[in-house]
Amino acid sequence: MEPEMGAWSTLEYIAISTESAASGSDFYLTSVPPSLVGDLPESLRQYIGAPLKVTSHEVTQLSEVHADRVCLLDPQAEKELSPADAEVFDAFVFGGILGDDPPRDRTAELRKYGYQSRQLGKLQMTTDTAVRATRMVIEEQQPLAKIPYVDYPELKLNKNESTQMPFRYVKGKDGEPYMPQGMLELIKKDADKSFDDFF
Ligand code: SAM
């Protein structure tokens, strides 16, 4: 994961924790800086135990994870993730890195582990979206092409301003991009802040 846990990542990890709890899977945050392990935001700490496990060890050091059953989610992988992969993999590794525009391929850092890899299409997803889409393919057995998406949504910040998010999201039942609780408010707040910084 990133060396620090910002507000954006915290909301994403809360969303992943909630969905992992609902589906009965474990969620490991690995390579967490030692100083941060005991100092996670309170809103995330409540998930520690089940489903969340937090460690400064690298994913390769987890004894419960068997390298030949691990899938790295990598936008540059040759193969697409498919429902049949539920038989192939027990663990899925995602880069705990924020998206950037244009993407800088920081997932490359995880290729050194030599895990098998799969992509979820070529468009960059937020980390919680990538986890959500993986869960839909593996646990709900939906082919990737059947998942409804919203690409590069335009978010209205206030009466006069909007911003375009450079990511692919799963489409929620209301037709809106599925985002962690509180994310829209955070994006609006950050936009206000950068507007203030400007003057
Ligand atoms: N800018 C980063 C990069 O270029 O690697 C993208 C980081 S993305 C927000 C965080 C993680 O979600 C990635 O490391 C990857 O594991 C997963 N991810 C996002 N989009 C994906 C896609 N289209 N296919 C596979 N994995 C994806």
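**Backbone geometry, parallel sheet and ligand site**

Ser-31 is partly exposed, with a relative accessible area of 27% (buried means under 20% relative accessible area, exposed over 50% and partly exposed in between, with a 1.4 Å probe and protein chains only). The structure is a predicted model, in which local features need pLDDT of at least 70 and side-chain atom pairs count only at pLDDT 80 or more, whereas totals for chains, interfaces and linings use all residues. Residues are numbered from 1 along each chain as its sequence is written, and side-chain values use heavy atoms, with hydrogens and water left out. The mean pLDDT of the chain is 93, and 97% of its residues reach 70 or more (pLDDT being the predictor's confidence in each residue, from 0 to 100); the model scores are ipTM 0.97 and pTM 0.95.

Ser-31 is located in the loop between strand E1 (27-29) and helix H2 (34-37) (helices, H or I with at least four residues, and strands, E with at least two, are DSSP runs numbered from the N terminus). Although Ser-31 is not a glycine, its phi is positive, at about 50 degrees. A positive phi, near 45 degrees, is also found for Tyr-152, a residue other than glycine, which occupies the loop between strand E6 (149-151) and strand E7 (154-156) and is partly exposed at a relative accessible area of 37%. Two cis peptide bonds, with omega near 0 degrees, deserve mention: one runs from Ala-50 to Pro-51, where Pro-51 belongs to the loop between helix H3 (42-45) and strand E2 (52-54), and another runs from Asp-101 to Pro-102, with Pro-102 in the loop between E4 and E5.

An open sheet of three strands, in the order E4-E3-E5, shows parallel pairing (two strands pair if DSSP finds at least two bridges between them). Strand E4 (91-93) and strand E5 (116-118) form the edges, each pairing on one side only, and the twist from one strand to the next averages 35 degrees (axes are lines fitted to C-alpha atoms, and angles run from 0 to 180 degrees between N-to-C directions). Strand E3 (residues 70-73) is joined to E4 by three bridges, and three bridges likewise pair E3 with E5. Cys-71 has Phe-92 as its bridge partner in E4 and Gln-116 as its bridge partner in E5.

The ligand is surrounded by 22 residues, of which the closest are Leu-73, Asp-100, Thr-107, Leu-123 and Gln-124 (a residue counts if one of its heavy atoms lies within 4 Å). A polar side-chain atom of Thr-107 lies 2.5 Å from an oxygen atom of the ligand, while nitrogen atoms of the ligand are found 2.9 Å from a polar backbone atom of Leu-120 and 2.8 Å from a backbone N or O atom of Leu-123. Taken alone, the ligand exposes 570 Å², and the protein buries 99% of that (accessible areas come from the Shrake-Rupley method with a 1.4 Å probe).

Asp-100 lies in the loop between E4 and E5 and counts as buried at 14% relative accessibility; its side chain makes a polar contact of 2.9 Å with the side chain of Arg-104 (a pair of N or O atoms within 3.5 Å; within protein, one must be able to donate a hydrogen and the other to accept it, and residues adjacent in sequence count only if both atoms are side-chain atoms). Phe-89, in the loop between E3 and E4, is buried with a relative accessible area of 3%.
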